[in-house]
Amino acid sequence: MTQVALLWLRSDLRLQDNQALSWAVEHGYKVLPYYHHNEHSDEWQRGGASKWWLHYALQDLEEQITQLGGQLLLGNPEYTSADAIQEVLQQHQVRAVLWNRCYEPHRIKEDTQIKAALKSQGYQVKSFNSNTLFDPTKTFNKSGSPFKVFTPFWKSLAQQEVAYAEPLDETSISWASPQLQRRLDDLSLLPTIGWDAGMHSSWEVSRSAGLARLGQFSQARAIVYGDYRDRPDLEGTSKLSPYLHFGQLGPREVLHQLRSLSHPDVESGITRQLFWREFGQHLLYHFPHSPTQALYEKYQLFPWEENDQFLRAWQRGETGYPIVDAGMRELWTTGWMHNRVRMIVGSLLVKHLLQPWQAGAEWFWDTLVDADLGNNTMGWQWIAGSGADGAPYFRVFNPITQGQKFDITGDYVRKWCPELAHLPNKYLHCPFDAPDLELRAAGIILGRNYPAPIIGHKEGRQKALDAFAAFKEISA
DNA sequence: TTTTGAGTTGTTCGA
DNA sequence: GTCGAACAACTCAAA
């Protein structure tokens, strides 16, 4: 009789470029595909936007598997990961349990315990590296320590060969039938109040949509990515992040497609960005404290000035800086924000407003469809200056000039802050500098239908520089 | 072990 | 309008 392998899917919701699945097929197992969503673990619960995406990603995966003659088994959401697996194993004849490794610290901890328990019960247990291009557990510099600077990491890994798997013939998978039935709706991933209209109109959450996006991007925009990636008023970025986060697209597939273009601008542009994702996973694995604490311990002493009013105004897109407010509203509405704008809003929060980067990271975690612990942590520590980088204290983004420089047409601000739409470009990014006549002509009353700036740029910049100077003294 | 060059994405000021 | 220097000091990575 053919033996059954339980394929525990997590951040790898795909059948291609999936090492665990390929292994099962190569070794003649019947495959029982399984997903477990656990609402009750206490660390890094998925936020609302992530859950929304997850629902549709699972629905799409279910359909793919059903079409091939299988059925996706859903674990009991009331149980811990370990208990949910035990329930499945009690009701099915399973020989092997397989998964692709995740590098979130809590995930590693849990996986390690589960692996040991299953092995002691006599199951064959195997984990694979399929969510990153290189195995972070094996990535070190020539001195034998983990990289903390991107450029050497990139130089070292970009020249190493990545083994591409031959596409798997999906019709050759032989499926095991689940005994348990549980409906996707039972996971309660969708919002109970309808805040997701903007998400629906922004995204198609399926593997085929991800592949189509990858195809269009590599055909039309990959080569000029470097010229347009910083322009929030244009479609300059790839928007592949959520597909990569949930593993609807595999990193190897994406890299393969990009490298098949054989273009130096692609390599130094979007491919390099793909390695930033890689670096984020690498940092997460080697520095498991970093999602909540500064990478460098001494930055724990930084004199933040926690202020809920500042935080709330920022979250709601009511800071009075149009590029910031546009970004925060784009995030709230679509579950995504342009990368350049993420930096601008982040800089205002941690520098001008002196709010701890963790508060920003938590908000992003809850609102981004591409919320990824590695990327999110790396990004916020970078903007705060506490993470992997040279960390120059003087890097304080100017929200006015950044807006003028990158939202050149003004289309971005006009889209997300329609109350400013009638302002001429000259004042679009600094309505507080516009003459009364201009404001009146555009129908704007500062403080009434658009906020006055929460803090002056000059003042906020100086506050950030002063805080750094004070921090230098206490940490010296 | 010690030394040396370099570090995603910035801003401001003054010539 | 454009350009280079200054903003200070630290850690990393590799030789």
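A: Let's start with a crossing: helix α13 passes helix α14 in a left-handed sense, meaning that the near helix is turned anticlockwise from the far one by less than a right angle, while clockwise would be right-handed. This is a predicted model, in which local features need pLDDT of at least 70 and side-chain atom pairs pLDDT 80 or more, while totals for chains, interfaces and linings use all residues. Residues are numbered from 1 along each chain as its sequence is written, and chains are lettered from A and ligands numbered from 1 in the order in which they are written.

Helix α13 covers residues 322-334 and helix α14 residues 339-352; helices here are DSSP runs (H or I, at least four residues), numbered from the N terminus. Their axes lie 9 Å apart, at an angle of about 115°. Axes are lines fitted to C-alpha atoms over the stretch in contact, and angles run from 0 to 180 degrees between N-to-C directions. The pair is therefore roughly perpendicular; that word covers 65 to 115 degrees, with under 35 roughly parallel, over 145 roughly antiparallel and the rest oblique.

Which residues make the contact of α13 with α14? From α13 come I323, V324, G327 and M328, and from α14 come V341, I344, V345 and L348. Contact means C-beta atoms, placed from the backbone, within 7 Å. Seven of these residues are nonpolar, one is polar and none is charged. Nonpolar means Ala, Val, Leu, Ile, Met, Phe, Trp, Tyr, Cys or Pro; charged means Asp, Glu, Lys or Arg; the others, Gly among them, are polar.

Helix α13 has another partner, helix α17 (residues 399-406), with axes 8 Å apart and an angle of about 70°. These two are therefore also roughly perpendicular. P322, I323 and V324 of α13 meet P399, Q402 and G403 of α17. This contact has four nonpolar, two polar and no charged residues. Notice that I323 and V324 take part in both contacts of α13.

Now turn to α14 and helix α16 (residues 373-384), whose axes come within 9 Å and cross at roughly 55°. That angle makes α14 oblique to α16. Their crossing is right-handed. On the α14 side, the contact uses R342, M343, G346, S347 and V350, and on the α16 side G379, W380, I383 and A384. By class, five of these are nonpolar, three polar and one charged.

To place this region in the chain, an automatic or database assignment divides chain A into domain 1 (1-130), domain 2 (132-164 + 207-286) and domain 3 (297-471).

Methods. Two residues are in contact if their C-beta atoms, placed from the backbone, lie within 7 Å.
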